Amino acid sequence: MAQLKPVPGFEWSLYGRVFLTVEQVESKGGTSELSSRTRVSDNSSLLGVRAEKDLGGGLKGWGQLETGFKADDTAGGTNAFATRNSGVGVQGSFGNFFFGRWDTPFKISQVLAVDPFGDLTIAAPSGVNVRQTGFDNRANNIIQYWSPVMSGFQLRLGMTSNEGKSDAAAVAGTAAGANPRLYSGTVEWTAGPFYASIAYEKHKDSIGNVVATQGTDETGKGISAKYTLGAWQLSGQYGVYDRTGTDNQKSGAINLLGTFGVHQAIVSYRTSKDGGATGSATQPECKAWALAYKYLFDRNLDFIAVLTQIDNNSAGLCDFGQNGVGAAAIAGGGDPHGVAAGLRYTF
Amino acid sequence: MWSAAAAQSSDDRIRALESEVQSLKKRIDALEGRKEAAATPPPSDCPGWDRLRMSLTQAEVRGLLGEPAKIESTPVQIKWRYPCGTAYFDIDTKRFVGYER
């Protein structure tokens with residue numbers, strides 16, 4: 001009988017994160033207030049498997065399956081499988097070519113690279129910036145190419161297929177006749193303590209790469225930077241977002257992260273202006289801030305406490321970056337406010 | 001055909017085999033706790049590991065431990081593999097968060 005032998009050059013890893021917070025949130029001042037309440041919220045808990053095999057000649061094949069799961073409840077049937085970065089690719093001296101479902105290049109450089117909250121918790125700035133998560137995409141059916149790092153520079157490009165195309169007669173503003181697709185690219189530069197990037201993303205016939213909308217396109221242009229000096233890390237992001245039929249939205253964030261042994265502190269300020277329908281009497285505008293403290297128990301466990309406040313004008317648009325209070329609670333100028341404390345276990 | 005060169009080759013092989021047998025005997029002695037174990041070289045004392053502290057930068061860890069033998073990463077952690085163990089870094093801050101030896 002033939003025996004199975006170990007395959008040389010094959011490696012795999014199982015990894016995961018469980019991240020829950022207990023929160024007190026409310027939204028006051030809008031047309032439909034959200035009264036103060038306690039929540040237990042999941043913050044992108046995940047489980048993943050990644051496998052790689054050396055194919056010789058500097059070539060490596062890889063595959064990854066990553067699923068999100070809600071560790072707090074199953075409300076809304078949200079425990080779907082393989083919801084996170086999953087794909088297959090080949091990597092070599094030419095770079096990395098892969099396809100599947102993955103974070104876009106724009107999200108990687110404008111959110112993940114510079115957000116000290118890692119795009120997690122109610123304090124994450126993506127509810128104010130990147131067109132209120134519209135350019136914070138994990139895209140389905142995306143093909144990506146990442147160049148090797150050359151003199152500190154790296155290029156990432158991505159485009160989705162258009163398999164959601166509608167063959168119905170076009171009706172502007174609806175899914176009928178829409179041909180939705182996404183293009184995204186970024187150039188990043190890293191040199192010692194410095195990081196900087198520029199990014200561009202286009203959504204054709206869709207809003208937020210989610211809602212197919214014939215005749216509505218979106219374009220995002222962003223820059224981000226980060227500088228580390230001793231215990232301190234200063235980071236920021238600025239973007240301009242254009243959507244058919246709206247005024248350009250401008251938003252930005254600045255963050256300061258301090259690390260002192262097992263203690264971390266974060267201060268963050270973010271703002272967004274415009275982006276409402278062209279000709280509106282009042283364009284949306286919001287200002288927000290967040291404070292956080294982290295205690296690092298060890299390589300697996302840390303504790304985090306956050307406090308955040310968002311001030312919307314009467315054309316309320318901004319919400320928490322994760323586990324938001326919802327459109328109804330910010331309509332008319334509702335101001336989301338929350339405090340949260342939780343544990344993150346990573347393996 | 002027998003030749004002087006062939007005899008020389010056989011002698012070399014016998015010496016190599018004798019040397020290997022001696023080496024294996026030493027290892028068995030060491031494993032069974034006999035006195036010869038003292039002759040076995042002690043494992044490396046892994047300098048620098050006792051000076052690792054939470055939140056060191058990657059440059060500081062490299063300064064203490066040297067270049068890692070291998071770098072691996074998952075989407076949630078970065079691992080630097082050394083003969084003496086593994087150093088872990090946070091994926092977001094790239095700072096040292098712990099090790100295994």
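My entries follow in the order in which I made them.

**Conventions.** I am working with a predicted model, in which local features need pLDDT of at least 70 and side-chain atom pairs count only at pLDDT 80 or more, while totals for chains, interfaces and linings use all residues. Residues are numbered from 1 along each chain as its sequence is written, and chains are lettered from A and ligands numbered from 1 in the order in which they are written.

**Chain A overall.** I looked up the secondary structure and found two helices and 19 strands in chain A, where helices (H or I, at least four residues) and strands (E, at least two) are DSSP runs numbered from the N terminus. Its radius of gyration is 21 Å, close to the 20 Å given by the globule rule for 347 residues, so chain A is as compact as a globular protein of that length; the radius is taken over C-alpha atoms, and the rule is 2.2 Å times the number of residues to the power 0.38. The C-alpha trace spans about 75 × 55 × 45 Å along its principal axes. Of the 347 residues in chain A, 41% are buried, a residue being buried if 20 or more other C-beta atoms lie within 10 Å of its own, exposed if 12 or fewer, and partly exposed in between, with C-beta atoms placed from the backbone.

**Cores.** I then turned to the largest nonpolar core, which has 25 residues; such a core is a set of buried Ala, Val, Leu, Ile, Met, Phe, Trp, Tyr and Cys residues joined through C-beta atoms within 7 Å. Strands E1 (10–28), E17 (285–296) and E18 (301–312) and helix H2 (327–330) of chain A each supply at least two of its residues, and E17(A) gives the largest share, four residues. A second, separate core of nine residues includes A:Leu296 as well as B:Leu56, B:Trp80 and B:Val97.

**Contact between the chains.** I noted 15 residues from chain A and 13 residues from chain B in the contact, two residues being in contact if their C-beta atoms, placed from the backbone, lie within 7 Å. On the side of chain A that touches chain B, the largest share, three residues, comes from E1(A).

**B:Cys46.** Last, I placed B:Cys46 in the loop between helix H1 (4–31) and helix H2 (58–65) of chain B. B:Cys46 is partly exposed, because 13 other C-beta atoms lie within 10 Å.
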